[in-house]
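Have a look at the model first, and then we can walk through the details.

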Amino acid sequence: MISINKIKVESLIKAFESEIDIHHKEALNNLKNLLAKNRYLKSKESSYLRLIIREFQKNNFVSCPLKDMETLIDKIRVVPAKRKIKFAGKSKPSYLKDEILNALDYKGKRSSFYPKYFQSLGIKSCIYCNSQLTITIQKIKNPIEYKAKFQVDHYYPKDKYPYLSIALFNLYPTCASCNLAKSNNPFDFKLYDNKINTNLYQFKLNKKSKAKFLITRDIEDLEIVFTKIGNPQYEDIFNVNEIYHTQKDLAEEIILKALAYNETYREDLKDIYRNYRINDELINRLILGNYSNPEDIHKRPMAKFMQDIGKEVGLI
């Protein structure tokens, strides 16, 4: 869990402004069509749809700022009671929240817009565990093919607030495992904040186990210590301890690199790459085998773990 400065997000949203405006207009038109085709909805569902449309006409829900989302929730509130309704053009009854999600094309954006948007933001790994990519593969029939989809969690759950399903500040890129683990469990972590906080959790090696490993060279002697700072639910929900206790071989490689790549080796690398404008940060990245800057943790799986262990053993 590493927060991202919201100013960076606001700047990126501005860069995607024209495409975001198109998405908003399409969503608004789809909501209007949904209402027009279902004029005989019960009053509660009809009023709810009309309220969403009115707010969509006043606000761009895709680029909705953080401070405005709570205001919208106070106005629109939770989707009406979960009961299936027979919508026009559908062979089977469905839930209103699913019809709203379809109108906003949340699923379509997972394979079209979100991958390029979040890559531009520098997020390709799960923001909760940082151990896996945020891409899942979906099998499509007739003809059979496989499609990559971007996985996102919603800070404000889309089952309760479907109108915020496409709000970029409400989207938290995640792996399928963490998304399933969290589900609709309340978990207070602000991904987009006024500052970058990279110290919400930390990995270390047990000193005695490290000393023993240096003698035996048996990775089973290594003990990884995970420390969480802040939200006590983090380990309970995402089982980070269990994930990273399987990464002893990665810790082993980092320790051995620290033994081999001394200061003389670093100077040799600088000489080799001098004409290619390779700076100290890139040298660290080459040696570590991952991003070495804390602000780049979301760009690749295992970056946080490798950075923490790398710093501890003096590799970076």
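Glu267 and Lys270 form a salt bridge, with their closest N and O atoms 3.7 Å apart; the term stands for a side-chain nitrogen of Lys or Arg within 4 Å of a carboxyl oxygen of Asp or Glu. This is a predicted model, in which local features need pLDDT of at least 70, side-chain atom pairs count only at pLDDT 80 or more, and totals for chains, interfaces and linings use all residues. Residues are numbered from 1 along each chain as its sequence is written, and side-chain values use heavy atoms, leaving out hydrogens and water.

**The Glu267 pair**
- Both Glu267 and Lys270 sit in helix α13 (residues 263–272), three residues apart, or about one turn of the helix; helices are DSSP runs (H or I, at least four residues) numbered from the N terminus.
- Glu267 has a relative accessible area of 34%, so it is partly exposed (buried is under 20%, exposed over 50%, partly exposed in between, with a 1.4 Å probe and protein chains only).
- Lys270 is partly exposed too, at 24%.

**Other salt bridges**
- The count comes to 17 salt bridges.
- Lys90 and Glu99 meet at 2.7 Å, N to O; Lys90 is partly exposed at 33%, whereas Glu99 is buried at 7%.
- Arg274 pairs with Asp271 at 2.3 Å.
- Salt bridges with shared partners link Glu55, Lys58 and Lys75 into one network.

**Ser292**
- Ser292 lies in the loop between α14 (280–288) and α15 (303–312).
- With 11% relative accessibility, Ser292 counts as buried.

Notes: Helix = DSSP H or I, 4+ residues; strand = E, 2+ residues; numbered from the N terminus.
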